[in-house]
Amino acid sequence: MKCAVPQPVHLEAYTPFPFLVHAVQMRVELDHSATVVETRLELERREGITESAPLELDGAGLGLDAILLDGAVLESHRYRMDERRLTVLDLPQRCALTTRVTVNPSANQGDEGLMRVGDRLATQCEAEGFRRITWFPDRPDVLSVYSVTLIGDSDVFPVMLGNGHPVGEGVLPDGRRWVRWEDPFRKPCYIFALVAGDFALLQDEYTTSSGRRIRLGIYADHDRIDECGFAMGALKRSLSWEERKYDREYDLDVYNIVALTGHVGAMENKGLNIFDANGICADPEISTDHDYLLIERIIAHEVFHNWSGNRVTCRDWFQLSLKEGLTRFRDQCFSQDMSAPGVKRIDFVRALQRNQFPEDDGPAAHPIKPRQYIEIRNFYTGTVYDKGAEVIRMMYCLLGDEAFRAAVKAYFTRFDQQAVTTEDFVAVVAHSSGRDLDQFYRWYLQAGRPRLEASGAYCAERKHYDLTIRQHNLPTPGQPDKEPLHIPILAGLLDTDGAQLQATCAAAPRVDGNYLLELREPVQTFRFEAVERRPVPSLLRGFSAPVSLKVDLDPQELALLMACDTDPFNRWQAGQTLAIDAIRALAADWHAGRELEADPVFVEAWARVLQDRETDPALVAELLQLPDEPALSEGLPQIDIDGHRAARDFLAGELARLHRETLLARYHELTDTGPYRFDARALGRRSLRNRCLELLLALEEDGILALCLAQLRDATNMTDGFAALAAICQVDCEQRQQGLDYFYRRWQHSAPAIDKWFNAQALSRLDGTVDRILELEGHPAMDLMNMPRVMAFYGGFFRQNRIAFNEASGRGYELLAERLILIDGMKPGATYWLMPQILQWRRFDPGRQQLMRQALEKVLAADISRGLYETVSKALAQE
């Protein structure tokens with residue numbers, strides 16, 4: 001450890017900050033190695049706070065050049081300073097405190113505070129980065145209005161941006177230029193931002209529904225500004241959607257976005273969003289369909305934060321899902337409105353099942369509102385964001401569209417420019433809708449995921465159908481006992497021909513063609529009347545709750561749902577369940593040494609989907625994809641990496657062998673020779689075409705390999721080019737290296753494309769991938785200080801590659817331990833993102849368990865940060 005064993009922060013210890021900070025005035029003299037920050041705080045002691053209560057300001061890595069009280073130098077006996085706190089004594093009821101510090105952006109190798117990024121300066125203040133810039137009460141419940149004057153050499157910093165509106169500029173006697181930015185809305189310091197440097201500018205304008213004209217600006221590298229047009233359109237679509245859905249206009253006259261090369265992530269700073277350049281810049285030659293969709297969605301996410309996060313913010317960091325869960329739900333709804341909604345919903349659920357479900361099942365399990373933390377950055381998780389969004393979606397499901405949107409609007413109005421809690425949000429929703437959400441609130445407090453089991457009984461004589469659903473909530477670390485949750489389940493009934501049955505259920509109203517079942521008890525039975533034929537239940541439509549569901553259905557019934565259900569998600573989930581059952585059965589045969597034979601029911605159902613030319617190609621592409629880890633092991637006591645790999649590879653090969661000609665025919669009929677288009681039809685066609693190619697490569701035939709290489713070389717867009725590269729990286733053949741060499745030669749001068757080149761190799765499931773990873777670490781294009789590349793490379797291998805990382809030798813685990821220690825010393829906030837697989841170590845076979853434990857113990861024994869210590873110590877301490 002770099003310090004003594006750290007102690008956690010507890011939710012129960014929250015108390016309001018004893019002083020109000022009415023206004024913040026900052027003067028920032030920009031310099032790459034010596035930026036001077038002078039900060040004036042207008043303070044008022046809160047009512048009821050004793051006069052003896054000191055003012056405690058947070059700081060990290062700060063000195064103190066000067067301190068003044070009401071303009072006079074403060075005597076040394078009236079303050080004390082250590083490495084984390086500046087404590088000021090004997091303050092009057094109202095006063096102005098000024099501090100001056102000098103910070104070195106070039107020396108800041110972390111990921112918070114004021115940093116040098118190339119030749120630019122930029123900030124990242126969420127969650128606790130403002131304390132690295134100036135002495136301040138760095139907590140989200142301290143809301144202030146800010147006036148910030150930026151001063152710099154105009155040759156070095158021709159662009160100087162801040163929050164809010166530009167209200168003045170000029171030149172100082174020494175020739176330096178100054179610009180003043182004022183934000184009229186009270187905000188927390190974590191959304192303070194500044195950016196300074198040389199940028200090109202793309203300008204546009206947006207007119208709100210009330211007629212206000214908003215100046216829009218995207219700042220980017222000069223050689224990438226032409227790639228920002230799509231992002232500008234996405235920004236305007238997001239602003240318009242927010243007005244239509246929630247009646248919320250953007251509140252400033254300026255909306256600026258910075259595309260910052262070398263930065264990772266995106267941040268909703270008020271009026272000055274900062275993005276990784278690859279999260280803004282898009283060109284069909286170097287950006288995939290996935291990149292375009294992600295750019296649109298993340299821009300929307302940051303736009304929507306203006307209300308769900310900025311205007312109404314969190315009282316403390318335990319309330320993080322208050323802003324992130326609600327905003328993630330809203331960006332998902334936006335994305336579904338912008339493209340094929342059913343396919344997007346499948347995409348969101350697959351990500352949840354792949355990334356968040358394992359979090360629920362391991363030592364990192366936590367509620368969406370945790371009770372304690374050591375390092376808050378460890379809680380920017382799939383649970384807080386994605387499960388948090390699903391909890392909001394359940395409320396939406398229970399209330400309906402109109403009532404839910406009315407409740408959220410009431411929340412924005414009631415708590416405008418305030419810092420609030422999840423209890424405040426749920427109380428407003430309950431009051432606005434008239435719904436009792438007391439039991440529902442347990443979703444915020446309980447960790448883990450409910451397991452549901454459903455079974456049905458049909459009475460042909462009385463024509464009724466009884467559907468019984470049981471919920472069971474498994475123990476999680478620190479929560480051995482769980483209470484039943486309030487779970488909305490959208491349902492339908494099909495007959496054995498696939499037609500929708502019309503029935504009545506007194507306990508389940510019809511909502512948009514579905515029955516809304518509200519499960520509140522450990523066991524509940526719902527009776528459907530006037531059921532003319534034995535039904536096949538379609539449950540959890542649209543994935544109406546983040547649960548694991550087991551339904552008493554046979555393979556033929558699952559095949560029926562896969563073919564005929566009107567709900568796209570349930571078609572997909574039925575197919576996934578059918579495939580998982582088939583792969584698990586094959587794995588059992590593989591372990592027993594029996595001859596492998598594909599399940600004929602699944603093969604026939606899969607073939608019907610392949611031949612379906614009426615369904616949206618994008619949905620067909622999803623239905624054809626075989627499940628992989630962790631879906632294959634979800635719910636099993638032990639992860640069967642070897643058996644599932646062998647079984648899945650066999651099944652993929654059998655499907656390709658049996659349906660080779662149909663796959664080839666579909667591949668060729670979906671070929672488009674025209675210019676790239678970004679629309680739902682074009683995206684769907686490319687997705688299905690590339691799925692067919694991926695499946696055909698399981699044959700490892702020379703003709704198919706040549707077809708893949710031809711697509712890689714002739715592709716007119718990165719979607720097709722990268723799909724071919726990623727697919728051939730899964731085949732052990734000489735064409736694999738040919739494809740890699742061609743791609744690198746063609747794109748060696750494009751950083752985003754080379755990120756993809758590294759990522760494709762990191763995702764390879766082939767034996768020997770660990771050796772290839774070690775070899776690539778020495779490649780001239782690999783730069784450990786290039787965080788987008790590091791995340792594409794190490795994230796691809798450690799986080800996403802479920803096969804090669806778990807090589808039985810344990811070399812993947814040893815490599816992860818070494819790189820965690822290395823990256824923790826450079827960018828501590830990045831390590832948790834790399835660890836989901838190894839945190840599941842107790843679910844692996846004994847041999848892998850031992851090797852994983854040794855790797856974790858190696859990390860724990862090293863000189864590591866508080867955040868990494870928290871994650872690893874939890875993993876090893878779990879009983």
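Visitor: Is C189 buried or exposed?
Guide: C189 is buried, with a relative accessibility of 1%, where buried means under 20% relative accessible area, exposed over 50% and partly exposed in between, with a 1.4 Å probe and protein chains only. This is a predicted model, in which local features need pLDDT of at least 70 and side-chain atom pairs count only at pLDDT 80 or more, while totals for chains, interfaces and linings use all residues. Residues are numbered from 1 along each chain as its sequence is written, and side-chain values use heavy atoms, leaving out hydrogens and water.

Visitor: And C564?
Guide: C564 counts as partly exposed, because its relative accessibility is 29%.

Visitor: How many disulfides are there?
Guide: The count is zero, a disulfide being taken as a pair of cysteine sulfur atoms within 2.5 Å.

Visitor: Changing topic, which residues have the most contacts inside the largest nonpolar core?
Guide: They are M395, Y411, F425, L517 and F528, in a core of 218 residues; such a core is a set of buried Ala, Val, Leu, Ile, Met, Phe, Trp, Tyr and Cys residues joined through side-chain atoms within 4.5 Å.

Visitor: What is M395 in contact with?
Guide: Leaving aside neighbours within four places in sequence, M395 is in contact (heavy atoms within 4.5 Å) with residues including F404, F425, V429 and Y444.
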